[in-house]
Every structure is written in C-alpha cells, then in structure tokens.
Amino acid sequence: MLRFETAGESHGECLVATVTGLPAGIPVSLDAVNRELWRRQQGYGRGGRMKIEADRAEIVAGVRHSHTIGSPAAILVRNRDWQNWTDALPVEDIDGGEEKRKPVTRPRPGHADLAGALKFNFHDARYILERASARETAARVAVGALVKALLGSFGIEVLSHVIACGRVRLERHAAWEVLLGCVDTATEARMKEVVDEAYRTGDTVGGVFEVMAHGVPPGLGSHTTWDSRLDGRLAQAIVSIQAVKGVEVGCAAEGAARFGSEVQDTIHYDRERRSFTRGANRAGGLEGGMTNGQDVLVRGMLKPISTLRRPLESADLVTHEPSLAAYERSDVCVLPAAGVIAEAMVALVLAQAFLEKFGGDSLGETKRNYQGYMKQVQDF
Ligand SMILES: Cc1cc2nc3c(=O)[nH]c(=O)nc-3n(C[C@H](O)[C@H](O)[C@H](O)COP(=O)(O)O)c2cc1C
C-alpha cells in the first residue's frame, strides 16, 4: 500500500514528507525532485516569497545510491524564511516570547483562520494558517517526484497546463502531443493581462488547470466498490489542494449540457494493431471508475486567492469588533503552480492504483507482473 504524509508549518523550520510502499529499485534523481519543486514556484502572479525561497529537497531516508531501497523514504524541504520567524514561532517558549509573536486576530475570509480558531480554541489564527497554507504542497510535490519516477519506469507521464484564468479560456482541447510543446501564446498573453489587472486593483484571480496522464494502462481502479473507483479517488486528491473548489473528469461540464449520443466515446477495433480504439476521449480516460487506456484527464477549478491587498471585512477574534482582515504577503494568481501540485496528486493516486494492481517489492517484480498483464491485454 503506497501512502504518504507531510508535516510542517509555513514559517517553521522545514517541511517533512514520508512515503511508504515504494518498491526497491526505482531510480531517484535529486535534480529531478528539485526541478519539480522549482516548477511549483513558477508562474505569472506569484508573490514575494517565491523570490526569497528556492526550494531544495534533502532525501534523508529510503534512497541509497540513487535508488529506492524499499524502506520508507523521507524528504526534508527547508523553509528559508524560518530565520525571520525563530522568535515568533519557537519550538520552546522563550523569555519575553509573548511580545515577539505575530498574532493574527483578524481572520481572513476564505481561509482556514476562523473555522480553525474555533475548532482548536485559539484566539490567534497564526497556529491555524501556518499549517493550512499551501506551503505544505512543496512536500507533496517532492513526494510526487519520486512517484513520477516509478510511473516513468512504465512509460507513464503526467503533465499540466492552465486552461482558464479569470474570464479568459483556452477555446480548444489540447492533445498530449500539443501539451508537450505547450501553450497557445495568444491566450496566454490575455491570461497575463487578467493577472495584471488583478495586481493593479489589489485583487486576485482564479481559473482552471488541466492535468493529463499519458501511457496509463487500462484497468487501474475498479468499478466494484465505491472507494476503489479511480475517478472518485482522483477527485478527492485534486480538491484536497488548497483553493481548489471544483474538479472535472474529462469533459464533464460540457457533457452535462449535451445529449448522450454526443458525449460517449465510441468503441472500434483496429485489426492491424490488434487493439481497441476510441472515437474521442471525452470521458477523460476513465469509465466505471477504471482507466480505459486513453489519456487520463482531470481539471481543477481554483478559486481566486483569498488574501487581498484590499482586505475584506472581518471581525476580531479577541474583541469581536468589526475590522479589516489581516494581510499576509500573498500571491495574486497560482494557477500554474496548482497544476504542478495536481500533477503530483494525480501521479500519487495513479501510482497507488498501479501498485494495488501489480504489487511487487522490487521494481523488477512489479515489471514482471505488469508485463504479464499487458500481454493479456494485447492478446485479448
Ligand atoms: C500554490 C498555492 C499558493 C497559494 N498561495 C496563497 C497566498 O499567497 N495567499 C492566499 O491567501 N492563499 C493562497 N493559496 C490558497 C490558500 O492556501 C487557501 O485558499 C486556504 O488555505 C483556504 O483553503 P481553501 O481555499 O481550500 O478552503 C494558495 C494555494 C495554492 C495551491
């Protein structure tokens, strides 16, 4: 069973992730992990913090001589900003520590601040926002890089791109081949204008990203039980990302407005290639909760970032008086980064389903099991 956990606060010493259940023998490159972390920090509309932090992963367990060894892997990502917070967020209380805290008593609408303060009985939302922050996703992306290496050993790749920013939308479907070359420059320029407008007006902007997985074999996930259905598992993984409020599998929204005859992907058989083919991929590579061999396609709908330079109305946690929400240095648009995080989450869910089906304590064993199954599919 492949599982992972993360710990760490936004302005704490570091983020930590552990991942258990990876077979031994997966090739791991620290450069590849760091490249994914770098990709998470890019994108038009990011805030000041990205300039002070270039994330680097430290793998402290589970990888030796550039390969997984089958034991839990542990990754650290240090917070460069920690040096500015050692007095405000010390592990052990310090003399005069009360004055050095940076309390947040004016909860920000759209954040975990108020609900978390009520739930954990803090009159300072600092302890809540430190963990609710999307900083945590750096740890997810680091784990995602290891998992992508597993999937890559089987020719499975996962990529993302932005398909809508505010009211500007990419008006065509992008096939895998197009995605690699990437981006409609005219649409991208219009998207950047929307971000600029948000900057100018002290506002923020959301949109939609799309994640595509290529080379996925048919039969991952299962129709047999509600919690093994892969579409549901992917939806949970995508919506678990901070600020993602909606998810779409394939062309769900478009399909909901059409007749069934226009929406289902017809089935054909290519005798020369001795394989089934499909008329289109509107289902996003998922039918009955299983992969069907087409590209897996999921989209995430990101709300506009909650923290505004023009703060929204709030009420103080201590005095209960009306007040403007606190301002923490903030991004204006995080769509490309959210896509990279979603790649990691999709890779994790696919890898879980992959290992459920093929198992294996070593990569060689997983490969034998995979090849046996693929022969069954080819000879079908
Ligand atoms: C990559 C990324 C960066 C984010 N950066 C910010 C930010 O700078 N400021 C902010 O207010 N929210 C930011 N968010 C969103 C908040 O973390 C999120 O809205 C908040 O934790 C509340 O969770 P919810 O929106 O999922 O309900 C970011 C989200 C992502 C995915």
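These legends walk you through several close-up views of a predicted model. In this model, local features need pLDDT of at least 70 and side-chain atom pairs count only at pLDDT 80 or more, while totals for chains, interfaces and linings use all residues. Residues are numbered from 1 along each chain as its sequence is written, and side-chain values use heavy atoms, with hydrogens and water left out.

**View 1. The largest cavity and its lining.**
Rolling a probe the size of a water molecule over the atoms shows where empty space is left. A cavity here is a set of points, on a 1 Å grid over the protein atoms alone, where a 1.4 Å probe fits but cannot get out; its lining residues have an atom within 4 Å of a point. A search of the whole structure finds 2 cavities of 30 Å³ or more. The largest holds about 40 Å³ of space, where volume means the space filled by probe spheres set on the points, and points are joined across faces, edges and corners. Look for Pro-109, Ser-306, Thr-307, Leu-308, Pro-311, Leu-312, Ala-325 and Ala-326 around it. This lining has 6 nonpolar, 2 polar and no charged residues. (Ala, Val, Leu, Ile, Met, Phe, Trp, Tyr, Cys and Pro count as nonpolar, Asp, Glu, Lys and Arg as charged, and the others, Gly among them, as polar.)

**View 2. The second largest cavity.**
This cavity has a volume of about 30 Å³. Its lining is made up of Leu-22, Gly-62, Thr-68, Ile-69, Gly-70, Ser-71 and Ala-73. Sorted by class, that gives 3 nonpolar, 4 polar and no charged residues.

**View 3. Helix α8 and its buried side.**
Helices (H or I, at least four residues) and strands (E, at least two) are DSSP runs, numbered from the N terminus. Helix α8 covers residues 185–200, and its end C-alpha atoms are 22 Å apart, in agreement with the 22 Å its 16 residues should span at 1.5 Å a residue. (The expected span is 1.5 Å times one less than the number of residues.) Within α8, Thr-187, Met-191, Val-194, Val-195 and Ala-198 are buried. They cover an arc of only 95° around the axis, which puts them on the same side of α8; the arc is that of the directions from the helix axis to the C-beta atoms. Buried means under 20% relative accessible area, exposed over 50%, and partly exposed in between (1.4 Å probe, protein chains only). The buried residues pack against β7 (157–165) and β8 (168–169), while the face turned away from them carries the exposed Thr-185, Glu-193 and Arg-200.

**View 4. Helix α12, with Val-340 and Arg-39.**
Helix α12 (residues 335–358) has 24 residues and reaches 34 Å from its first C-alpha to its last, close to the 34 Å expected. Of those residues, 21 are buried, so α12 is largely enclosed by the rest of the structure. After α12 comes Gly-359, with a positive phi near 55°. Val-340 sits in α12 and counts as buried at 4% relative accessibility. Not counting residues up to four places away in sequence, Val-340 touches Glu-36, Arg-39, Arg-40, Val-141 and Ser-160 (contact means heavy atoms within 4.5 Å). The C-alpha atoms of Val-340 and Gly-144 are 9.5 Å apart, although 196 residues separate them along the chain. Arg-39 belongs to helix α1 (residues 30–41) and is buried, with a relative accessible area of 17%. Besides Val-340, the contacts of Arg-39 beyond four places in sequence include Lys-148, Leu-159, Ser-160 and Glu-343.

**View 5. Lys-102 in its loop.**
Find Lys-102 between α3 (97–100) and α4 (113–120). Lys-102 is partly exposed, with a relative accessible area of 35%. Leaving aside neighbours within four places in sequence, Lys-102 is in contact with Asn-84, Trp-85, Ala-88 and Arg-126. Its C-alpha atom is 39 Å from that of Ser-71, a residue 31 places away along the chain.

Most residues other than glycine have a negative phi. Ala-243 lies in the loop between α9 (230–239) and β10 (244–249) and is buried, with a relative accessible area of 18%. His-320 is in the loop between β16 (313–315) and β17 (322–324) and is exposed, with a relative accessible area of 61%.

Terms used
On a 1 Å grid over the protein atoms alone, a cavity is a set of points where a 1.4 Å probe fits but cannot get out, and a pocket is an open set with protein on both sides within 12 Å along at least five of seven lines; lining residues have an atom within 4 Å of a point.
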